[in-house]
Amino acid sequence: MHVQVQGQDEEPRRGRPRSVAAERAILDAVVALLEGGEPLAGLSIERIARTAGVGKATIYRRWSGKEELFVEVLRDIEPAEPVVSGTAGLADLRLMLESLRRRGLAQRSSVFLHNVFAQMKSHPKLWAEYHSTVIEPRRRAMRAAVQRAVDAGELRSDLDVELMDDLFVGPMLVRTIHRTDAELPEDLADRIIQTLVEGLAPRPADPSQPVRAAHVTGKGAGRS
């Protein structure tokens with residue numbers, strides 16, 4: 001799944017029409033098996049098909065294998081991708097950061113999601129599929145939003161776009177993934193953007209004086 005752009009229609013499907021009911025049954029079957037304690041490694045297409053009440057060919061017509069199917073299951077149970085304008089800069093970036101925050105909240109509140117992600121990271125092929133089809137498109141969309149913000153004059157044009165994107169995304173990832181005890185307040189995306197746009201240098205006592213950034217030498221900086 002990719003970040004949706006307002007006004008962008010889904011590409012029409014070709015070939016044999018898909019049964020929405022069959023797809024729903026297959027996705028629900030995977031979730032039911034996992035919730036029942038079946039590990040990812042133990043799931044087979046045959047077992048999934050039997051639980052869903054469909055033939056294996058029905059699954060293979062939709063997904064090339066287990067990895068692609070499992071990623072689709074995760075897309076289905078995670079919070080929906082944000083709908084962005086595709087033309088705004090910081091406004092679109094805020095929507096995507098907020099989506100990361102909501103995804104973090106979902107993983108914290110759902111034992112099922114937490115366990116599935118924990119298992120997925122121990123399966124290289126599955127993690128690679130999720131990374132290439134879900135994570136990387138999100139990163140491209142966020143970098144594109146940062147570039148639009150630069151083009152619109154909302155951000156500096158003399159800095160590396162990828163580095164700026166990392167600076168925006170990094171705090172949210174730290175809070176949602178690495179610091180699972182950290183708070184995820186509703187205004188977190190706004191605070192991250194505001195802090196980075198305004199800068200971290202101390203404000204001058206005299207408002208008429210320019211802000212002076214500290215000079216870091218790289219060797220013993222900040223030490224006496």
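Colleague: How many cavities of 30 Å³ or more does a search of the whole structure find?

Modeller: One. A cavity here is a set of points on a 1 Å grid over the protein atoms alone where a 1.4 Å probe fits but cannot get out. This is a predicted model, in which local features need pLDDT of at least 70 and side-chain atom pairs count only at pLDDT 80 or more, while totals for chains, interfaces and linings use all residues. Residues are numbered from 1 along each chain as its sequence is written, and side-chain values use heavy atoms, with hydrogens and water left out.

Colleague: What volume does the largest cavity have?

Modeller: About 50 Å³, taken as the space filled by probe spheres set on the points, which are joined across faces, edges and corners.

Colleague: And which residues line the largest cavity?

Modeller: Val30, Leu34, Leu40, Phe70, Val73, Leu74, Ile77, Phe112, Val116 and Leu126. A lining residue has an atom within 4 Å of a point.

Colleague: Which helices each supply at least two residues of the lining?

Modeller: α1 (20-35), α4 (66-77) and α6 (111-120). The largest share comes from α4, with four residues. Helices (H or I, at least four residues) and strands (E, at least two) are DSSP runs numbered from the N terminus.

Colleague: How far is the C-alpha atom of Val31 from that of Leu74?

Modeller: They are separated by 9.4 Å, and the two residues are 43 apart along the chain.

Colleague: Switching to the largest nonpolar core: how many residues does it have?

Modeller: It has 31, and those with the most contacts inside it are Ile26, Val30, Ile48, Ile59, Leu69 and Tyr130. Such a core is a set of buried Ala, Val, Leu, Ile, Met, Phe, Trp, Tyr and Cys residues joined through side-chain atoms within 4.5 Å. At least two of its residues come from each of α1, α2 (45-52), α4, α6 and α7 (124-151). The biggest contribution, seven residues, is from α1.

Colleague: What about a second core?

Modeller: A separate one has 23 residues, including Met96, Val146, Leu155 and Ile193.

Colleague: Back to Leu69. Where does it lie, and what is it in contact with?

Modeller: Leu69 lies in α4 and is buried, at a relative accessible area of 0%. Leaving aside neighbours within four places in sequence, Leu69 is in contact with Ile26, Leu27, Val30, Ile45, Ile48, Ile59 and Trp63. Its C-alpha atom and that of Leu126, 57 residues along the chain, are separated by 9.6 Å.

Colleague: And Ser99, buried or exposed?

Modeller: Ser99, in α5 (residues 90-109), is buried, with a relative accessible area of 2%. Beyond residues up to four places away in sequence, Ser99 touches Ala80 and Pro82.

Colleague: Last one: how many helices and strands are there?

Modeller: Nine helices and two strands. Of the chain's 224 residues, 35% count as buried.

Conventions. Buried means under 20% relative accessible area, exposed over 50%, partly exposed in between (1.4 Å probe, protein chains only). Contact means heavy atoms within 4.5 Å. On a 1 Å grid over the protein atoms alone, a cavity is a set of points where a 1.4 Å probe fits but cannot get out, and a pocket is an open set with protein on both sides within 12 Å along at least five of seven lines; lining residues have an atom within 4 Å of a point.
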